[in-house]
Amino acid sequence: MSLAGKTAIVTGAAQGIGRAIAETLAHAGADVAVADLDLGRSQDTVTAITKMGRRALNIKVNVADWNDAKAMVDQVVKEWGKVDILVNNAGITRDGLLLRMKEEDWNLVLQVNLNGTFNCTKAALQPMSKQRSGRIVNIASIVGVIGNAGQANYAASKAAVIGFTKSVAREYASRAVTVNAVAPGFIDTAMTQQLSADVKETLSKQIPLGRLGQPSDVAEAVKFLASDEAGYITGHVLHVNGGMHMA
């Protein structure tokens with residue numbers, strides 16, 4: 001699954017799953033635009049990519065802002081001439097039971113997770129449509145499929161991303177642009193590392209494979225959907241959850 005000669009944008013690539021995706025795509029041969037709000041942390045990702053001998057751009061972007069998303073894509077096209085791959089990974093959580101959830105926490109999660117995916121996809125589709133090729137991979141979540149108490153906002157945003165993925169896949173298949181989603185289960189990241197040992201053990205018991213996933217598990221799935229080998233796959237949701245949910 002070589003990505004040699006390809007250019008990619010990965011949002012939320014400063015840490016965790018996003019960083020793993022960016023580095024995995026680079027290891028497969030792609031040049032990667034590392035997009036994040038935190039330029040300090042994302043520079044670490046850029047450094048790791050350049051050490052592989054690949055080109056990398058460090059781009060500050062607020063995906064919830066259309067102008068930022070458009071400027072990000074324009075910069076990549078200006079620097080590298082094209083955009084082959086977009087991975088919409090940037091996302092946030094603001095958890096709480098619904099009756100206690102603040103309106104601003106509901107709105108912020110939807111703005112980043114859903115509107116951000118819309119903004120970046122719309123911006124990237126312009127060059128992809130012209131070049132009549134492209135791969136868009138949206139990071140959804142198991143929570144967007146099965147729900148989760150205390151995450152009504154996050155679950156709603158990720159369920160919407162899945163519906164968005166399927167609709168855009170139908171719209172742009174004629175332009176040879178594939179649009180797919182990866183839905184991770186519980187992954188061992190900074191977020192889950194804050195959980196107590198008891199909670200982790202309870203989670204592991206719900207997972208047939210008996211462990212939390214690794215960021216690399218998600219990154220490898222993204223690499224496949226971004227590759228030429230996945231050229232006949234579009235509108236698909238690839239579940240990476242250790243069997244916790246079997247669709």
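Where does arginine 100 lie? Arginine 100 is in the loop between β4 (85-88) and α4. Helices and strands here are DSSP runs, numbered from the N terminus, with helices being H or I of at least four residues and strands being E of at least two. Arginine 100 counts as exposed, at 70% relative accessibility. For these labels, buried means under 20% relative accessible area, exposed means over 50%, and partly exposed is in between, with a 1.4 Å probe and protein chains only. From arginine 100 to alanine 64 is 36 residues in sequence and 24 Å in space, C-alpha to C-alpha.

Before going on, a word on what we are looking at. This is a predicted model, in which local features need pLDDT of at least 70 and side-chain atom pairs count only at pLDDT 80 or more, while totals for chains, interfaces and linings use all residues. Residues are numbered from 1 along each chain as its sequence is written, and side-chain values use heavy atoms, with hydrogens and water left out.

Now the protein as a whole. Its secondary structure comes to 9 helices and 7 strands. The radius of gyration is 17 Å, close to the 18 Å that the globule rule gives for 247 residues, so the protein is as compact as a globular protein of that length. That radius is taken over C-alpha atoms, and the globule rule is 2.2 Å times the number of residues to the power 0.38. Along the principal axes, the C-alpha atoms fill a box of roughly 50 × 35 × 35 Å. Of the 247 residues, 49% are buried. The accessible surface is about 11400 Å², and carbon and sulfur atoms account for 50% of it. Those areas come from the Shrake-Rupley method with a 1.4 Å probe, and for residues only the protein chains shown count as cover. Contact means heavy atoms within 4.5 Å. Among contacts between residues at least 6 apart in sequence, 72% join residues at least 24 apart.

Next, helix α3. This helix covers residues 66-80, and its 15 residues reach 21 Å from first C-alpha to last, close to the 21 Å expected at 1.5 Å a residue. The expected span is 1.5 Å times one less than the number of residues. Which residues of α3 are buried? They are Ala69, Met72, Val73, Val76 and Trp80. These residues cover an arc of only 90° around the axis, which puts them on the same side of α3. The arc is that of the directions from the helix axis to the C-beta atoms. On the other side of α3, Asn67 and Lys78 are exposed. The cover over the buried residues includes β1 (7-11), β2 (31-36), β3 (56-60) and α4 (103-131).

After α3 comes glycine 81, with a positive phi near 85°.

One of the strands covering α3 is β3, and alanine 56 is in that strand. Apart from neighbours within four places in sequence, alanine 56 is in contact with Val32, Val46, Ile49, Thr50 and Trp80. Alanine 56 and aspartate 188 are 132 residues apart in sequence and 26 Å apart in space, C-alpha to C-alpha.

Two residues other than glycine also have positive phi. Arginine 132 has phi of about 55° and sits in the loop between α4 and β5 (134-139). Arginine 132 is partly exposed, at 47% relative accessible area. Alanine 176 has phi near 65° and sits in the loop between α6 (152-172) and β6 (177-184). Its relative accessible area is 42%, again partly exposed.

On to helix α9, residues 215-226. Its 12 residues should span 16 Å at 1.5 Å a residue, and the end C-alpha atoms are 17 Å apart, which agrees. The buried residues of α9 include Val218, Val222 and Leu225. What do the buried residues of α9 pack against? They pack against α1 (16-27), β4, β5, β6 and β7.

Last, asparagine 241, in the segment after β7 (237-240). At 9% relative accessibility, asparagine 241 counts as buried. Its side chain reaches the backbone nitrogen of methionine 244 at 3.1 Å and the backbone oxygen of histidine 245 at 3.0 Å. Leaving out residues up to four places away in sequence, asparagine 241 touches Ile142, Gly185 and Ile207.

How values were computed. A polar contact is a pair of N or O atoms within 3.5 Å; within protein, one must be able to donate a hydrogen and the other to accept it, and residues adjacent in sequence count only if both atoms are side-chain atoms.
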